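Trainee: Can we go through this model together? I'd like to start with how helices and strands get assigned.
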Amino acid sequence: MEAAGESLRDTELRLGLPGTDAPEKPASTVTRGGKRALPEDDEEGYAKSNKSSSSSEEEQGEGDLCGHEPPAAKAQVVGWPPIRSYRKNSLHARKVEGEAAGLYVKVSMDGAPYLRKIDLKGYKGYKELREALDDMFKCFSLGEFPRKEGCSGSEYAITYEDKDGDLMLVGDVPWEMFISSCRRLRIMNGSEARGLGSRH
Amino acid sequence: MTYFPDEVVEHIFDFLVSHRDRNAVSTVCKAWYQVERLSRRSVFVGNCYSVLPERVMTRFPGMKCLIVKGKPHFADFNLVPHDWGGFALPWIEAAAHGCPGLEELRLKRMVVSDESLELLARSFPDLKALVLISCEGFSTDGLAAIATHCRSLRELDLQENEVEDYGRQWLSCFPDSCTTLVSLNFSCLKGEVNAGALERLVARCPSLRGLKLNRAVSVESLTRILDRAPQLVELGTGSLTVDHHSEAYRRMINTFHKCKLLRNLSGFWDVDPRCLQSVYPVCPNLTVLNLSYAPSIQGADQVKLIRHCFKLQKLWVLDCIGDKGLAVVASTCKQLQELRVFPSDIYGTGTAAVTEEGLVAVSSGCSKMNSLLYFCHQMTNAALITVAKNCPRFIRFRLCILDPGKPDPITNQPLDEGFGAIVQSCKDLRRLSLSGLLTDKVFLYIGEYAARLEMLSIAFAGDSDKGMIYVLNGCKNLRKLEIRDSPFGDAALLENVGKYETMRSLWMSSCDVTLGGCKALAAKMPRLNVEVINEGDESDEMEENPSDAHKVEKMYVYRTLAGPRNEAPDFVWTL
């Protein structure tokens, strides 16, 4: 690590001119959400970040609220990388939309002629959600909604598409995590769903 | 020449297209000044505080098109406080009084209130074009005023503005009698627009050539719009979320087939990659493609799309295209002139999306390249030297290595030689942005070779005052210099004070310039505004008795005929 340390020092940001021995800033590596801190993370200008205005917090804030993809320590230089806020916001817009009032997702049910839309923020947890869905689609359903995840014997399973586009069973993750990653809901036929449920 | 009657001189001036040429002829003699000013139709004000609006209106009473820029460029990156200034209202008020024939207004980086849009709309019912780029301060209410009153509007172009959304009715405010729209861009609006109103508007504007929708417009609506306007040349799609098995998707493909004139494609919000095939029929004709707002499209899908685009001249993508994807660009897009590669993972911890390899590939395949914006994780001197050799026609070269101060990873050297090669080879270079580890040497090269350079952006670079001095003494066409986090101090600032009157502006933040240095500059050069921007909190010493030795956090210097601003906020001190 010694050699790496030397080259790190050359590229480290400081207030003084390179070559002068400015006092080393404490390298408080911030790791959130379990992402491994790379050696380069140390070299960022924490001196700069101490002077950072609220705007850098704002840029980071979106990552914080979401909790899943935390910005690495690298991100703490104000206004760097030089990208317009408009563009930054667009790329993160999906997350931001989730934070704003109302988190509407489409709900489809296999065989039903039309879809519905619900506000995930309007429910406190999975139980309330299932009850609401039960209520909404009971005119189409021929059986009861499952009370537990994917238990066989029920007609339907509630699944959702997450932000990566994968089809997931509702109920596995904590509620907060669910509503931040759920993009749409799909009420599946029990026969199709059995494949998901039988993994347990 | 003074023997010619004014009409002849005026007719000769008609052939002068650029602002700079017209400015030049106006300084020849009083007669020419008069002829020129009365016949000037388009006026460009690069810094809204360099001259009073009234003065502009008085000088150019026949003005038809006014272009004004407000905040300094670094405002794009949150380096300029929110309420620093750049207000559009004084300009609109002055135009309302002094230039009733105004037909076009183009503003960039300015604060535009609803009040000013309303005044604009009422004062200029015959307004033909309104273009707002990177502006803020207005809402859909202001847009409603424009739509309501400007009955012969041809162009409404909103690019990357921060707009408050108060409802979807502004579009419905275009009266039925409005049939003149040629270009409409509302892609930056966040909220929904009335789909029916939009479709009816499109249907009654047969001259419509450009339409850029926002994210809220659905595929179904897009399909109906394209059915009515197959003559579109520029299209920004809305949200392209559609089930690729559905009827809606099939209809969309059919509609795209009919758009034979489409040359410019953007948008692609929320697109399902499986739906990209619908666009393939128009790709062979495209000259401009912007995929930079579509993080959902993986590299492989981007590549599949680009393989069809062999006439492309301008391409904006995200770095998930990868070096391999750029190699495909190099082999497919032989007409490419402008490439922008944006980072998709801004806070990423290191899956290197594009590196020097991608850039080298594009440079060897696309010799016509003249404009580049490239965000990457690393760059080498060897690569830059190769790029310089392959593409000597660069006019704009902006390289951003995401890690500030990062050296050449192979040799561990600064990137002085690489950038030096660029400025030496590209004799027409007008704009340059530097990044990576750089010493004073790169500035020596820039001062020596970059004769046509007009704008230079420096960040985390240089060793000493010498660096900045090389640039100020060398680049005779320099107009804008912006520097952040670099060790340039008072000696550099004061070395060539006359230079600043030949430039539009100088920005320095987080450098070594002191309050005393700024005061000295202000004292020597009364026709410059030397603004010191202090956003410090209460504990900041600046509030009490600031010593001259105190380093200035942010400084903005610009030449002006208008004197110090009288509406500058408290935290801006004009020395």
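Mentor: Helices (H or I, at least four residues) and strands (E, at least two) are DSSP runs, numbered from the N terminus. This is a predicted model: local features need pLDDT of at least 70, side-chain atom pairs count only at pLDDT 80 or more, totals for chains, interfaces and linings use all residues, and side-chain values use heavy atoms, with hydrogens and water left out. Residues are numbered from 1 along each chain as its sequence is written, and chains are lettered from A and ligands numbered from 1 in the order in which they are written.

Trainee: How much helix and strand is there over residues 3–41 of chain B?
Mentor: That stretch is 64% helix and 0% strand. Its end C-alpha atoms lie 24 Å apart.

Trainee: Which UniProt annotation covers residues 3–41 of chain B?
Mentor: The unreviewed entry gives "domain: COI1 F-box" there. UniProt positions are given in the numbering used here, feature names are shortened, and annotations may be inferred rather than shown by experiment.

Trainee: Which residues make the nonpolar surface patch?
Mentor: F4(B), V8(B) and I12(B), with about 230 Å². Patch residues have over 30% relative accessible area and no salt bridge; like charges are joined within 9 Å, nonpolar side chains (Val, Leu, Ile, Met, Phe, Trp, Tyr) within 5 Å. A salt bridge is a side-chain nitrogen of Lys or Arg within 4 Å of a carboxyl oxygen of Asp or Glu. Areas come from the Shrake-Rupley method with a 1.4 Å probe; for residues, only the protein chains shown count as cover.

Trainee: And which residues form the negative one?
Mentor: D6(B), E7(B), E10(B) and D14(B). E10(B) sits in helix α1 (residues 6–13) of chain B, and V8(B) lies in helix α1 of chain B too.

Trainee: Why does E10(B) count as partly exposed?
Mentor: Because its relative accessibility is 33%. Buried means under 20% relative accessible area, exposed over 50%, partly exposed in between (1.4 Å probe, protein chains only). V8(B), at 32%, is partly exposed as well.

Trainee: New topic. Where is R109(B)?
Mentor: In the loop between β3 (104–108) and α6 (114–123) of chain B. R109(B) has a positive phi of about 55° although it is not a glycine. Most residues other than glycine have a negative phi.

Trainee: Is R109(B) buried or exposed?
Mentor: Buried, with a relative accessible area of 8%.

Trainee: Over to chain A. Which peptide bond is cis?
Mentor: The bond from W80(A) to P81(A), with omega near -5°. P81(A) is in the loop between α3 (54–66) and α4 (85–91) of chain A.

Methods. Lys, Arg positive; Asp, Glu negative; His and termini not counted. Charge placed at Lys NZ, Arg CZ, Asp CG, Glu CD.
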